[in-house]
Amino acid sequence: MTASGSITTSPPPSLVSLSTVLSLLLSLAILFAAILLSRHLLPRSSPRKYLILHTWHLFDFLIHTIFEGSYLYHSFFSYTTVPPASLSSDYPHPASLASSSRAIFLGHTDRRYGAAHSSSPTALLWQEYARADTRWANTDTNIISIELLTVLIAGPLACYICYLLQRQPLARSTNTDDNAAKLWFSIIVLATGEIYGGFMTFAPEWLSGNTSLSTGNWMYLWLYLVFFNGIWVVVPGWCLWVAWGEVKRAFAKRGESEKLGGKKTR
């Protein structure tokens with residue numbers, strides 16, 4: 001980290017840092033807890049795919065709340081005070097800072113917000129991740145906007161999906177009552193939002209030449225950027241595939257019922 005609070009991306013570390021190890025251990029602990037809680041909360045007769053869905057959405061809720069919730073906290077409440085910046089005529093547009101690449105946030109010209117300006121354990125975690133993507137250490141308004149939706153909407157929706165899964169009678173996929181309709185609709189909405197959020201996180205970087213990404217180090221590229229973010233593309237994609245099967249089955253069953261009803265009226 002430089003004196004101004006920005007994260008440097010070179011030279012890359014030759015070994016995995018303590019922050020990386022601790023964040024991985026915490027993620028594994030959250031996953032293990034989600035697995036145990038899902039086995040406890042769902043009936044033993046539940047299909048395997050219901051157990052996987054419950055585990056994933058419980059894990060999703062906890063990650064969004066604990067990890068990304070801490071990112072939002074630092075984005076709004078961790079800051080350092082600096083001399084007022086020299087502003088151009090288009091202030092308060094984020095690009096109006098004449099002497100700094102960091103956006104003015106919340107209208108405070110004398111503050112710089114973000115995890116880079118805190119020494120708490122969660123801030124250190126984001127400072128480490130920012131070695132792969134510098135936007136996460138400071139105030140990138142695109143990232144903050146996405147994370148507001150993720151923490152305040154996607155997280156609670158994932159928890160609601162767990163609740164609906166627990167309410168399914170014996171967790172049978174053939175159940176087509178109102179609870180099942182809410183379940184599969186919610187899964188489709190959340191999975192679509194997760195994939196869209198991932199695209200909107202990285203599309204601005206791809207279009208600008210990856211100016212904030214550090215792709216020269218294998219750990220930053222394949223562990224931090226590809227693996228950690230790829231999970232929230234692959235698993236939601238699988239959720240959409242499962243939901244599509246349930247929706248198709250429900251419409252097929254409805255079609256059969258309408259055919260039988262038509263024959264009876266003749």
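A residue is taken as buried when its relative accessible area is under 20%, as exposed when that area is over 50%, and as partly exposed in between. The structure described here is a predicted model. By this criterion Glu128, at 9% relative accessibility, counts as buried. Across the protein chain of 266 residues, buried residues make up 41%.

The secondary structure of the protein chain consists of six helices and two strands. Read from the N terminus, the order of elements is α-α-β-β-α-α-α-α. Among contacts in the chain with a separation of 6 or more, 74% are made by residues 24 or more positions apart.

A bend of about 35 degrees occurs in α2 at Gly69. Of the 30 residues of α2, 21 are buried, so the helix is largely enclosed by the rest of the structure.

The largest nonpolar core contains 50 residues, and those with the most contacts inside it are Trp126, Leu183, Trp184 and Ile187. Two or more residues of this core are given by each of α1 (18-41), α2 (48-77), α3 (121-129), α4 (141-167), α5 (178-207) and α6 (218-265). The largest share, eleven residues, comes from α2. In soluble globular proteins, nonpolar side chains tend to be buried together. With residues up to four places away in sequence left out, Ile187 touches Leu53, His57, Ile161, Cys239 and Ala243.

Charged side chains were considered next. Side chains of opposite charge can pair when their charged atoms come close. The count of salt bridges comes to five. In one of them, Lys49 is paired with Glu246, and the closest N and O atoms are 2.6 Å apart. Lys49 lies in helix α2 and Glu246 in helix α6, so this pair ties together parts that are 197 residues apart in sequence.

Arg131 counts as partly exposed because its relative accessibility is 27%, while Glu128, at 9%, is buried. Asp133 and Arg135 also meet through their side chains in a salt bridge, at 2.7 Å from N to O. Both members of this pair are buried: the relative accessible area is 0% for Asp133 and 5% for Arg135.

A disulfide is a covalent bond between the sulfur atoms of two cysteines. A search of the whole structure finds zero disulfides. For Cys162, the closest cysteine sulfur is that of Cys159, at 6.1 Å, which is too far for a bond. Cys162 is itself buried, with a relative accessible area of 3%.

How values were computed
Residues are numbered from 1 along each chain as its sequence is written. This is a predicted model: local features need pLDDT of at least 70, side-chain atom pairs count only at pLDDT 80 or more; totals for chains, interfaces and linings use all residues. Side-chain values use heavy atoms; hydrogens and water are left out. A nonpolar core is a set of buried Ala, Val, Leu, Ile, Met, Phe, Trp, Tyr and Cys residues joined through side-chain atoms within 4.5 Å. Buried means under 20% relative accessible area, exposed over 50%, partly exposed in between (1.4 Å probe, protein chains only). Helices (H or I, at least four residues) and strands (E, at least two) are DSSP runs, numbered from the N terminus. Contact means heavy atoms within 4.5 Å. A salt bridge is a side-chain nitrogen of Lys or Arg within 4 Å of a carboxyl oxygen of Asp or Glu. The bend at a residue is the angle between axes fitted to the seven residues ending there and the seven starting there. A disulfide is a pair of cysteine sulfur atoms within 2.5 Å.
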